[in-house]
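Let's take a walk through a structure together.

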Amino acid sequence: MAASTFVYSIYIRTTPEKLWDALTKPEFTRTYWCECWPDSTWEKGASWKLMIPDGRVGDSGEIVEIDKPRKLVVTWRNEFRPELHTEGYSRCTYELEAQGDMTKLIVKHEIDVEKSKLIEAVSGGWPAILSSLKSLLETGDALEATKHWPKDK
Amino acid sequence: MTEMTTESTVYVIYIAAAPEKVWTTLTSSEFTTQYFFGRSVESDWKKGSPWILRKPDGNVDVSGKVRESDPPRKLVVTWNIDWVETKLPECIVTYDIEQTGENLVRLTMTEAHPTPIPANLLEGGRKGWPMILSGLKSLLETGKPLNIPTPEPPKEI
């Protein structure tokens, strides 16, 4: 167990395939992930970046493991907040389990840094982003709060 | 030697609904039976009043007292599991319902264990709450509950 870990599960009335697309395709992520979008070729070993709408790189790393549509593991370092950037690479695991007409999504975000500021930051972010993703997939509309990049960042 | 813990379980979920609707969905059997594993609730939800979570077969699942009641913002209840032979320590469940936008609520559920419990029992809540609260969100946002089977209770108590 890493020194700092955040785990979040959420159940969504959708298929693993649709959920996978919503997590990895820019046309979806832009609607619920504050207009951010992942930039990757999605192969093991390939680079991965989460891009901010103004063109800056938000987070970066590489694809550690990919088993569409069941599991995705990436390394993840913050690129635009110095106090988070110095902690280095965290590891983020997405697991998608089909359960009847639902998919259970488990996100585990961890780093071997005690009292990690990065994990503290994502612990606040993940419930909002994933709640918004659930609303998008179940109602067709993301939550207003996560549709746009915050003006003050 | 069973490892004991006072660790809390916290689950946050954002729901496109008014705080009053979230409060009602948490406190009325009309709704709880749809997302809380078929359980109904009985209480007047006033501070000091008793409350019961009843299984579909009519037996009591959980009982306790209302510690704090501030509709539609906050509800704190004591939580005593009634169907096990060994008396388990009471835990405290808090629902914080914060309006964070127009038609947007951040619901924070905290399951606290001021009296230590066996660490393996945390698993029940860690598995159950995401199911319950994902179901509550779907019910409020889509009008349809999720089709979630009731999990088995933990084997070792």
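## A proline in a loop

Start with A:Pro69, which sits in the loop between β4 (57–67) and β5 (71–78) of chain A. What is the peptide bond from A:Lys68 to A:Pro69 like, cis or trans? That bond is cis, and its omega is near 0 degrees. Keep in mind as you look around that this is a predicted model.

Chain B has a cis bond to show you as well. Find B:Pro72 in the loop between β5 (60–70) and β6 (74–81) of chain B. The peptide bond running from B:Pro71 to B:Pro72 is cis, again with omega near 0 degrees.

## Two positive phi angles

Now go back to chain A and look for A:Cys34, in the loop between α2 (26–32) and β2 (37–40). This residue isn't a glycine, yet its phi is positive, at about 50 degrees. Is A:Cys34 buried or exposed? Its relative accessibility is 14%, and because buried means under 20%, A:Cys34 counts as buried.

Next up is A:Lys115, in the loop between β7 (102–111) and α4 of chain A. Here is another residue other than glycine with a positive phi, this time near 45 degrees. A:Lys115 has 77% relative accessibility, so it counts as exposed; the cut-off for that word is over 50%.

## Where the chains meet

Time to zoom out to the place where chain A and chain B touch. On the chain A side, 16 residues are in contact, and they meet 19 residues of chain B. How big is an interface? For chain A and chain B, about 1,500 Å² is buried between them, with 62% of it on carbon and sulfur atoms.

What about polar links across the gap? Between the two chains there are 14 residue pairs in polar contact, counting pairs with both residues at pLDDT 80 or more. The number of salt bridges between chain A and chain B, on the other hand, is zero.

## Chain A's side of the contact

Which parts of chain A do the touching? The top contributor is α4(A), which gives seven residues.

Sort that side of chain A by class and you get eight nonpolar residues, plus four polar and four charged ones.

Technical notes: Residues numbered from 1 in each chain as written. Chains lettered and ligands numbered in written order. Predicted model: local features only at pLDDT ≥ 70, side-chain atom pairs only at ≥ 80, totals over all residues. Heavy atoms only, no water. Contact = heavy atoms within 4.5 Å. Buried area = accessible area lost by both parts, 1.4 Å probe. Salt bridge = Lys/Arg side-chain N within 4 Å of Asp/Glu carboxyl O. Polar contact = N/O pair within 3.5 Å; in protein donor to acceptor, adjacent residues only side chain to side chain. Helix = DSSP H or I, 4+ residues; strand = E, 2+ residues; numbered from the N terminus. Nonpolar A, V, L, I, M, F, W, Y, C, P; charged D, E, K, R; others polar. Buried < 20%, exposed > 50% of the residue type's maximum accessible area, 1.4 Å probe, protein only.
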